[in-house]
Amino acid sequence: MTVVRNPSRPVVDDGHLLSCHPATGAQVGRVRIADRDQVAAAVAAARTAADWWVGIGHAQRRRRLLRWRSLLATRITELADLVNRECGKPVAEAVVEIAAAIEHIDWAAQHARRVLGVRRTRTRLITAEFSGHLEYQPLGVIGVIGAWNYPVLIPIGPIAYALAAGNTVVFKPSEYTPVTGQWLVDTLTEAVGAESVLTAVHGLGDVGDALCRSGVDKLSFTGSPRTGRLVMAACAETLTPVVIEAGGKDAMIVDDDADIDAAAEACVWGAMTNAGQSCIGIERVYALAPVYDAFVTAVVDRAGRLTVGSGPDDQVGPIAVPGQLDVIRRHVNDALAAGGRAVLGGAAAVQPPYVHPTVLVDVPPDCAAVREETFGPTVTIHRVGTIDEAIAAANDTRYGLGGAVFGKRRGIAVARRVRSGMVSINSVLTFVGFSELPFGGIGDSGFGRVHGEDGLREFSRSKAITRRRAPSVLPTMTFERTPTDLARIVKVVKLRYGRD
Ligand code: NDP
């Protein structure tokens, strides 16, 4: 029996998910839906595989993960084509996404031993006769729940860093991009030469819920704050720790000494790439009064030239989740009804399954278009009098994922004051491809980090070991200490620490 869950996708057919192109409906592939027992079996198999994966050590894991990196690199156009067919993203944008994912696999594989491996620590006064060792051990099996909007880059965030840290992973791809998820699993399995190091379990939200309750050692979730709360509640029942990478409402600040052309070019890409379906997409801009008019004109000029459709050269593809079109329409209509103006696009720009680039100005700050995640190729631009006003407006949100600042003399100072996990200066979104930097948000954007050293440690537990090197000079931790020993301890502590 075929059950159509919403007008076009996803389609559930005889125990399978049918994956289809969001605009044309062309079938991309089908995957079997897992039940709770199969999720449990996948986690059990991953636990067995973890013994082997830990046992082969950093060097062997590095070799195998770099083989996976090379597979992705050599087959990059094939994978970009698949991403294009499954989520409608233009091939060029898919190539950029995959290139960033490859960087992360490479970095995680190359640096895991340095970041997580055994190191000696310095001793202190009362422990001088001991040596200290610190290492980071894998947690075991990591559950990864992925979103559809970057079906390669987003799951590879937790997957690459968790695997490099010595964990195995059970991955639930979004129901909208299961074939891409399976492709990643198949290539990893080929590169590693063993099953169950990375496994996919497919299905709808109930399969994600089963993964949360399956006894994995940590759950990394990417998706909306609403589902993030459900995931956290489910994980709370088994005290399973979570990483939550949720939504955003990122702002760009354009200072009065900014390069306006560069700012406008970056704003258009930051707001409209992937048809605006980016958690770190630019959704609000606060431009200082002296540059506001020139900036709006430059944005409208550039955004107005973007081509919309599913052809090979189109730059703005379809909205991948049908229900999101209603959200975008509501945000635009509500902004216009409240006195906002569309200087590009507007109400008529929503032409399912596409939304044409839309630039809104004079939108009151309490409108949904300013407060809620829109997730479409739209942006609101606001005129502000001072840089303090710009920062306050940018920070007036429950979210706190990324952001951008354009300007010369005070870029860093402004970036530090933006309340978010990441900010780019004179560029947009660059932090996501920066393997050495942690990625993650605050507030409703979630918590925990993927990427960089923090991303490796996120999927590890610290292990502290001390070892006696010599008899104790200051015998502190023993009932054998004499009154003379105690007097010596008091004297030494006073001598060492008693002065300013
Ligand atoms: P959803 O929250 O709808 O879904 C995310 C994932 O959770 C999907 O795989 C979904 O499965 C699964 N899921 C659904 N219900 C449950 C449940 N009860 N228990 C466990 N898992 C469940 O988000 P979208 O996929 O629509 O992604 C869009 C959102 O993701 C946006 O808000 C965006 O900002 C955010 N995002 C955040 C990123 C970040 O790094 N901070 C990056 C990318 C996106 P199914 O698809 O089968 O419903």
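Colleague: What is 2.5 Å from an oxygen atom of the ligand in the side chain of Glu-373?

Modeller: An N or O atom of the Glu-373 side chain is at that distance from a ligand oxygen. Bear in mind that this is a predicted model.

Colleague: And how far is the polar side-chain atom of Ser-224 from a ligand oxygen?

Modeller: For Ser-224 the distance is 2.7 Å, again to an oxygen atom of the ligand. Gly-223 contributes a polar backbone atom, 3.3 Å from a ligand oxygen.

Colleague: How much of the ligand does the protein bury?

Modeller: The protein buries 88% of the 920 Å² that the ligand exposes when taken alone.

Colleague: Which pocket does the ligand sit in?

Modeller: The largest pocket. Helix 7 (205–212), strand 10 (218–222) and helix 8 (225–236) are the elements that each give two or more residues to the shell around the ligand.

Colleague: How many residues surround the ligand, and which are the closest?

Modeller: There are 29, and the closest are Glu-175, Ser-224, Thr-227, Ala-246 and Glu-373. By type, the shell has 13 nonpolar, 11 polar and five charged residues.

Colleague: Which domains does the shell draw at least three residues from?

Modeller: Domain 1 (11–247 + 451–460) and domain 2 (250–398 + 402–439) each supply at least three. The domain assignment of the chain also gives domain 3 (470–497).

Colleague: How many Å separate the centres of domain 2 and domain 3?

Modeller: 63 Å, with the centres taken over C-alpha atoms.

Colleague: Changing topic to the backbone. Where is there a cis peptide bond?

Modeller: Between Pro-352 and Pro-353, with omega at about 5 degrees. Pro-353 is in the loop that runs between strand 15 (350–351) and strand 16 (354–355).

Colleague: Is phi of Asn-274 positive or negative?

Modeller: Positive, near 55 degrees, and Asn-274 is a residue other than glycine.

Colleague: Where does Asn-274 lie?

Modeller: Asn-274 is in the loop between helix 9 (260–272) and strand 13 (282–288).

How values were computed: Residues numbered from 1 in each chain as written. Predicted model: local features only at pLDDT ≥ 70, side-chain atom pairs only at ≥ 80, totals over all residues. Heavy atoms only, no water. Near = heavy atom within 4 Å. Polar contact = N/O pair within 3.5 Å; in protein donor to acceptor, adjacent residues only side chain to side chain. Areas by Shrake-Rupley, 256 points an atom, 1.4 Å probe, with all protein chains shown as cover. 1 Å grid on protein atoms, 1.4 Å probe; cavity = no way out; pocket = protein on both sides within 12 Å on 5 of 7 lines; lining within 4 Å. Sits in = over half its atoms within 2 Å of the grid points. Helix = DSSP H or I, 4+ residues; strand = E, 2+ residues; numbered from the N terminus. Nonpolar A, V, L, I, M, F, W, Y, C, P; charged D, E, K, R; others polar. Domains from an automatic or database assignment.
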